[in-house]
Amino acid sequence: MQQQDTANVVAEAARQYADELGRWRRQRSLSKQKLAILMTYDRSYVSHVESGSLPPTEDFTRRAEAVLETTGALWERWEAYEAARIGSAPTSSRSVDRLEPPAGERQRDLKVSPFVAWVADHSGLSFQEAYGAVVEGVERLTARGHVDRYAEAHRRAQVTREQLARALVAYYQDPSPDEHGAAFYQARVGGVPLALSILVRPDWLGTAIRLGTDQERFQLAAPDVGATVCLPEGPALEAALRRLAVAETSATVMVDNPLYRLKGVAVSPRRLEATVTLTDFADYALTMDLLETELVDALAWDRGSSRGALPLREAYLPTVASALAVNERLCVGGPVALLAAARPGTRHGQREPDYVLLVQERSARVLNVAGRLAVVPKAFHEPTNEAAGEVHLSASLERELEEELLGREDLEQVSERSFRRVDPFAADQLSEPMRWLVERRQTGAYRVECVGFGINMVSGNYEFPCLIVIDDDEWWERYSGQIEANWEMARVRRYSSRDTASLQALAADPRWSNEGLFAFLETLRRLAELDTVSRVALPEIEVGA
């Protein structure tokens with residue numbers, strides 16, 4: 001009963017915060033979109049906080065205060081919310097410039113508590129021990145100054161895709177990938193060599209599989225009985241606890257949704273067959289996903305990235321053979337797609353027809369490749385509410401297209417509201433731009449293809465580079481003004497398929513994620529093959545495996 005009362009107090013404090021935010025936004029005559037722009041937040045994130053779907057954060061409150069000029073009214077609501085979470089009274093002496101750790105910190109109401117429970121279920125710790133360990137980590141992080149935290153983030157951001165790729169090529173050179181019929185993907189764009197961390201086989205490239213047809217066959221199998229993830233004491237457990245402390249003190253969004261786990265795959269030209277089971281996001285977020293953080297930190301602080309220096313990698317992904325044996329390990333991932341929409345020309349004088357290509361800069365709020373470049377949409381392959389009915393890759397792609405670019409906030413699966421619709425893909429629920437595409441699936445106006453497959457050795461994920469082509473320029477002319485990036489993106493960039501120089505410079509940008517660049521290059525190659533009306537003028541792209 002006491003826990004329920006506490007939860008009610010926290011919920012009421014969050015509701016009052018949301019009401020205060022909405023009142024001041026309306027008083028300043030700002031739309032949610034305008035407020036988001038002024039705060040440098042995503043519109044959907046602002047909308048979720050104002051609706052109560054997402055809890056407020058300190059950073060969000062500081063920025064909202066600065067824009068709305070509430071003379072401390074919103075900050076008081078933030079203090080009351082924090083006090084409700086940690087079970088202590090708010091102190092009015094706390095300044096807006098600095099939030100001191102309050103008394104009774106160990107009673108902190110962790111927003112990551114569902115993941116703490118996962119740690120307790122998969123390690124030798126009790127729930128209380130795991131909870132206390134995360135709280136200690138939160139205390140250490142919050143006790144540090146902003147300058148130190150920003151300096152660390154800046155140092156990590158300096159680690160490039162090429163550094164990651166070269167470190168992994170060296171790590172997995174003995175035994176060589178060649179012994180398993182595989183190789184690390186390599187490319188040259190305009191004569192400039194590019195190194196990536198994607199493990200491929202020759203028959204995994206240039207597949208041109210038409211998704212949504214009988215060329216794509218996914219099967220959902222029953223999960224392995226007794227197959228559970230274990231967190232042994234030592235680096236693996238410590239890294240999981242540290243991940244939760246960092247998530248607790250940041251705006252990172254973590255929701256324990258189900259994911260499709262790959263158990264087998266066969267890829268060939270115009271044929272994709274795969275078997276998947278279900279796993280939980282926590283299984284991945286607190287194990288395999290930590291491999292990237294470990295490697296980035298090792299490179300950023302010059303700790304070495306050879307065998308013996310990366311204990312998590314030795315535990316979870318020690319060899320090329322273990323990476324390829326997807327049925328024997330945890331392997332999640334999904335489609336990484338480039339959207340190419342035909343248009344008759346640009347508004348600024350270019351009269352030749354082209355495709356507009358969209359590229360995203362990932363938000364700091366996402367768990368996966370935050371701050372990196374990627375194509376869009378980029379998704380985990382996951383169901384919403386009917387796992388067997390959504391098992392095909394095309395289902396995740398179209399869901400993510402609606403969610404990331406077409407404003408379907410109800411598909412984002414970050415709150416209970418996201419799971420209330422029984423059939424979120426019913427025709428009357430689709431956005432107008434998506435309905436236009438669905439009605440033309442069997443025509444030449446709209447096609448979705450899987451152009452390859454690879455294993456990303458940064459985290460062991462499976463990657464399906466995909467191409468979404470809209471060949472009727474009516475779609476762009478009618479709906480381009482409705483396309484808007486969701487909270488997962490800090491910024492969306494637009495390129496012309498005829499702008500050879502810009503595309504070559506973009507390919508060489510060191511900020512690409514490995515899977516993002518892999519998809520970008522493979523989809524550009526396929527787009528050139530499909531071009532029948534001279535919409536494309538690409539730089540020379542050579543790839544090898």
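**Helix packing and cores: a chat**

Visitor: Which residues of helix 2 meet helix 4?

Guide: L35, L38 and M39 of helix 2 meet F60, R63, A64, V67 and L68 of helix 4. Bear in mind that this is a predicted model.

Visitor: How many nonpolar, polar and charged residues are in that contact of helix 2 with helix 4?

Guide: Seven are nonpolar, none is polar and one is charged.

Visitor: And at what angle do helix 2 and helix 4 pack?

Guide: About 105°, with axes 9 Å apart. Helix 2 covers residues 32-39. Angles of 65 to 115 degrees count as roughly perpendicular, so helix 2 and helix 4 are roughly perpendicular to each other.

Visitor: What about helix 4 and helix 5, at what angle do they pack?

Guide: Helix 4 (residues 58-68) packs on helix 5 (residues 73-86) at about 165°. Their axes are 9 Å apart. Anything over 145 degrees counts as roughly antiparallel, so helix 4 and helix 5 are roughly antiparallel.

Visitor: Is the crossing of helix 4 and helix 5 left-handed or right-handed?

Guide: Helix 4 and helix 5 cross in a right-handed way. On the helix 4 side, the contact uses E58, T61, R62, A64 and E65. Helix 5 supplies A73, L74, W75 and W78. By class, that contact has five nonpolar, one polar and three charged residues.

Visitor: New topic. Where is V116?

Guide: In helix 6, residues 113-121.

Visitor: Buried or exposed?

Guide: V116 has 1% relative accessibility, so V116 counts as buried. F115, W118, V119 and A120 of helix 6 are buried too.

Visitor: What covers the buried residues of helix 6?

Guide: The cover includes helix 7 (127-143), helix 10 (235-248) and helix 11 (281-285).

Visitor: Back to V116. Which residues does V116 touch?

Guide: Leaving out residues up to four places away in sequence, V116 touches L110, F127, A130, Y131, V134 and L244. V116 and A240 are 124 residues apart in sequence, yet their C-alpha atoms are 9.3 Å apart in space.

Visitor: Now the largest nonpolar core. Which residues touch the most other members?

Guide: W475 and F520, out of 140 residues in that core.

Visitor: Which residues does F520 touch?

Guide: L338, V359, V375, L503, L506, A507 and W512, again not counting residues up to four places away in sequence.

Visitor: And what does the second core include?

Guide: That core is separate and has 27 residues, including M39, A73, L74 and V253.

How values were computed
Residues numbered from 1 in each chain as written. Predicted model: local features only at pLDDT ≥ 70, side-chain atom pairs only at ≥ 80, totals over all residues. Heavy atoms only, no water. Helix = DSSP H or I, 4+ residues; strand = E, 2+ residues; numbered from the N terminus. Buried < 20%, exposed > 50% of the residue type's maximum accessible area, 1.4 Å probe, protein only. Contact = heavy atoms within 4.5 Å. Core = buried A, V, L, I, M, F, W, Y, C linked by side-chain atoms within 4.5 Å. Axes fitted to C-alpha atoms, helices over the stretch in contact; angles between N-to-C directions. Parallel < 35°, antiparallel > 145°, perpendicular 65-115°, else oblique. Left-handed = near helix turned anticlockwise from the far one by under 90°. Nonpolar A, V, L, I, M, F, W, Y, C, P; charged D, E, K, R; others polar.
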